[in-house]
Amino acid sequence: MTDGGKSDPVQASIPPRPIGVCVIGAGPAGLMAAIHAVGGPAPVWVLETNATAGRKLLLTGGGRCNLTHAGSPEEIARAFSESPEPKGRAGRTVKPGRFLRYSLYEFPPESVRQFFQSRDLASIVETDGCVFPAGNQAADVRNLLVRETEKLGVRLQYQSRVHEIVRAQEDFIVHLQDRQISAGRVILATGGLSWPQTGSTGDGYRFAERLGHTILPPRPALVPLVTRETWVAELAGVALADVTIRVASDKHSPAVTGNMLFTPRGLGGPAVLNLSRFLTDALPSEPHGIPVAIDLFPKMDESRMDRRLQQLLQTHAKRTLANAVSELVPRQFAQTLCRLAGCDCDLHAGQLTAERRRHLVATVKRLPLHVIAAEPIAKATVTRGGVSRDEIEPRTMESKIRPGLFFAGEVIDLDGPCGGYNLQMCWSTGALAGRSAGRAN
């Protein structure tokens, strides 16, 4: 198979003896796990529901595939621990960064880049630390992983939906629609519930729960947000670069900086997705919404912004105010911004009073909105929740409850910010789970 994951309609027969490692899921975590599991005397199989591998991987990074982030393992670990634990869980679980630290040092971002580089897929680091394949094609990443598994003799079985996994003496029996497979070790790499069109249907949670594991309720993470204000719909599709957003009611809340865009129901884009990690758990208990403030020019303090605006109004004194302000923000947004600041959009820019100008500056620096909900988990980039970290050994990714059962990727209760962090988590946990399961053959 050399066409990047196209399935063979002929299914393999049941092995005459138990296979060594059975990986459930041919996403990034599952493929990396299979590659690192090879080496024992018994074969490695991968079972995938879809007709091709890595369907979600193809969508990452806008189709470019943000491979990883060019930070240290410690920086990656910290990023996973930034968002607060939901109420009732804080202090009772292993912190995400602490849980991930061992796997990140075992297979850090630099090793990920070397893994692909050694197989003729170079990568580039952008100014924000995001790492992409040099060709900017997610398909190149997926195809390389598929080729590597085939080269190593891994059996990729497509259109093979698992219905149940049961423990039978020293092995696991994996039940498919038309057959059963006996495996000495099983790696669950089934993903979460985000982007279900790619095959992420939450099956892994069901398998893990039936095998005795605790599942933290899946919730959307890195997800667009819904606002109480309806004027955002008029600006759907308008993007703003390098803004800073923070929770207005909490001066201690972390600020997120990056690009954002308006959507028909609220806000999206990388900065908003990162903000969502801090809000989704709190939103159900906030019936009136959570106030946020957007700083459209975070690199300027208010006095400097005021001077910049004065200069602009003087330079374009005969234009309408909205027309002049469009030198600062997208034209479609300028009129709305003036209106929100209580200014007459059709007034000549040179006629704006000092008081109204200060109102406009305040709006530019603290654009107020109220977040009332997150979009459904199907629109989220990743899932928050999943198999409890407490029940997984972080040095092997093996279950503490069912020896021989391993976990990798988004099925675990782990979620990081935008920028390659979540894929790095998949590579690191997948490689560690594969090595651990492979050694146990």
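Guide: Let us start with a term we will need: a disulfide is counted here when a pair of cysteine sulfur atoms lies within 2.5 Å. Please keep in mind that the model is predicted.

Visitor: Thanks! How many disulfides does the structure hold?

Guide: The general idea comes before the count. A disulfide is a covalent bond between the sulfur atoms of two cysteines. In this structure there are zero disulfides.

Visitor: Let me step back to the whole chain. How many helices and strands does the chain have?

Guide: There are twelve helices and 20 strands. The C-alpha trace spans about 85 × 45 × 35 Å along its principal axes. For a chain of 441 residues, a compact globule would have a radius of gyration near 22 Å, and the 25 Å of this chain agrees with that. Of the 441 residues, 55% are buried. Among contacts with a separation of 6 or more, 73% link residues 24 or more positions apart.

Visitor: Now the strands. Which strands make up the closed barrel?

Guide: Here is something to hold in mind when you look at a sheet. In a regular strand the side chains alternate between the two faces of the sheet. The closed barrel has six strands in the order β11-β14-β13-β12-β15-β16, with antiparallel pairing. From one strand to the next, the twist averages 50°.

Visitor: How many bridges join strand β11 to strand β16?

Guide: Three bridges do, between residues 225–227 of β11 and residues 367–374 of β16, and these strands run antiparallel. To find the place on screen, look for Val226, whose bridge partner in β16 is Ala373. Then turn to helix α11 (residues 354–365), which lies across β15 (290–295) and β16 and runs at about 110° to β15.

Visitor: What about β9? In which sense, parallel or antiparallel, do strands β1 and β9 pair?

Guide: Strand β1 (residues 19–24) pairs with β9 (residues 180–188) in the parallel sense, over five bridges, and Cys22 has Val186 as its bridge partner in β9. Strand β8 (residues 171–176) pairs with β9 in the antiparallel sense over four bridges; there, Val174 stands opposite Ile181. β8 and β9 form a hairpin with three residues between them. β9 also pairs with strand β20 (residues 405–407), in the parallel sense over three bridges, where Ile187 has Phe406 as its bridge partner.

Visitor: Which residues is Leu145 in contact with, leaving aside its neighbours within four places in sequence?

Guide: With those neighbours left aside, Leu145 is in contact with Leu31, Met32, Ile35, Leu57, Phe115, Phe116 and Trp427.

Key:
Residues are numbered from 1 along each chain as its sequence is written. This is a predicted model: local features need pLDDT of at least 70, side-chain atom pairs count only at pLDDT 80 or more; totals for chains, interfaces and linings use all residues. Side-chain values use heavy atoms; hydrogens and water are left out. Two strands pair if DSSP finds at least two bridges between them. Helices (H or I, at least four residues) and strands (E, at least two) are DSSP runs, numbered from the N terminus. Axes are lines fitted to C-alpha atoms, for helices over the stretch in contact, and angles run from 0 to 180 degrees between N-to-C directions. Contact means heavy atoms within 4.5 Å. The radius of gyration is taken over C-alpha atoms; the globule rule is 2.2 Å times the number of residues to the power 0.38. Buried means under 20% relative accessible area, exposed over 50%, partly exposed in between (1.4 Å probe, protein chains only).
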